[in-house]
Amino acid sequence: MKNKLLSCFALLLLVSLHSTAQETDSGTGLIMAEGWETVRATCTECHSAQLITSNSGSRAVWKSRILWMQDTQGLQQLTPDTENTILTYLADHYGQKEATRRAALPTILMPENPYPILN
Ligand code: HEC
């Protein structure tokens, strides 16, 4: 019974992981959705796309990063269209996270704690 429940759970997990998986470009790691090629062309000249894919933020946060790079790092001025495409892509696919830590595992799924619990 317990095994059946576990298999069901694992299957559900796989199905949900599969349905939310998005295709990523093998060269840059960028999610291949509308606008990704503009981001690749505009944003990977000075640093790896990993700097982008490992960050997140609202549209305003991404805009502030672009302004900072334009003010201090030599990023070119972008046309309103290009900037809009980039900001929409980034906010949609690398948007603000609700929480940066995963929820704690239930105690029953963790190994026994060999240490005394300190209060
Ligand atoms: C002209 C060069 C240049 C271009 C083009 C460029 N960047 Fe940057 N970017 C930098 C530099 C320099 C840094 C600082 C690198 C470091 O901290 O190691 C940086 C840092 C970043 C960071 C990290 C910011 C942080 O808070 O740590 C992000 C995210 C980023 N860039 C995204 C982008 C995006 C999105 C684009 C395209 C719109 C872009 N970059 C294009 C030069 C550039």
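Predicted model: local features only at pLDDT ≥ 70, side-chain atom pairs only at ≥ 80, totals over all residues.
Residue numbers start from 1 along each chain as its sequence is written.

The protein chain contains five helices and zero strands, and its elements run α-α-α-α-α from the N terminus on; helices are DSSP runs of H or I with at least four residues, strands are DSSP runs of E with at least two, and the numbering starts at the N terminus. Of the 119 residues of the protein chain, 9% count as buried, where a buried residue has 20 or more other C-beta atoms within 10 Å of its own, an exposed residue has 12 or fewer, a partly exposed residue falls in between, and the C-beta atoms are placed from the backbone. Among contacts in the protein chain with a separation of 6 or more, 60% are between residues 24 or more positions apart, two residues being in contact if their C-beta atoms, placed from the backbone, lie within 7 Å.

The largest nonpolar core has nine residues, namely L30, W36, V39, C43, I52, W62, I86, Y89 and L90; such a core is a set of buried Ala, Val, Leu, Ile, Met, Phe, Trp, Tyr and Cys residues joined through C-beta atoms within 7 Å. Helices α2 and α5 each contribute at least two residues to this core. Apart from neighbours within four places in sequence, V39 is in contact with L30, I86 and Y89.

In α2, the buried residues are W36, V39 and C43. These residues cover an arc of only 60° around the axis, which puts them on the same side of α2, the arc being that of the directions from the helix axis to the C-beta atoms. The cover over the buried residues of α2 includes α3 and α5.

Helix α5 comprises 14 residues (residues 80–93), and at 1.5 Å a residue it should span 20 Å, which agrees with the 20 Å that separates its end C-alpha atoms; the expected span is 1.5 Å times one less than the number of residues in the helix. The buried residues of α5 are I86, Y89, L90 and H93. Seen down the axis of α5, these buried residues fall within an arc of 95°, so they line one face of the helix. The exposed residues P80 and D81 are carried on the face of α5 turned away from its buried side, while the cover over the buried residues of α5 includes α2 and α4.

Also in α5 lies T82, which is partly exposed, with 16 other C-beta atoms within 10 Å. When neighbours within four places in sequence are left aside, T82 is in contact with T38 and T42. T82 and V39, 43 residues apart in sequence, have C-alpha atoms 8.9 Å apart in space.

In the loop between α1 (2–20) and α2 lies Q22, an exposed residue with 8 other C-beta atoms within 10 Å. Residues up to four places away in sequence not being counted, Q22 touches I31 and A33. The C-alpha atoms of Q22 and M32, which are 10 residues apart along the chain, are separated by 7.5 Å.

Around the ligand there are 15 residues, of which C43, C46, N55, Q73 and G74 come nearest; a residue is near a molecule if its C-beta atom, placed from the backbone, lies within 6 Å of it. The elements that give two or more residues to this shell are α2 (36–43), α3 (50–53) and α4 (59–72), and the largest share, three residues, comes from α4. By class, the shell has eight nonpolar, five polar and two charged residues, with Ala, Val, Leu, Ile, Met, Phe, Trp, Tyr, Cys and Pro counted as nonpolar, Asp, Glu, Lys and Arg as charged, and the others, Gly among them, as polar.

The 14 residues of α4 should span 20 Å at 1.5 Å a residue, in agreement with the 20 Å between its end C-alpha atoms. Helix α4 is followed by G74, whose phi is positive, near 85°. Q73 lies in the loop between α4 and α5 and counts as exposed, with 9 C-beta neighbours inside 10 Å. Q73 and C46 are 27 residues apart in sequence, and the distance between them in space is 9.3 Å, C-alpha to C-alpha.
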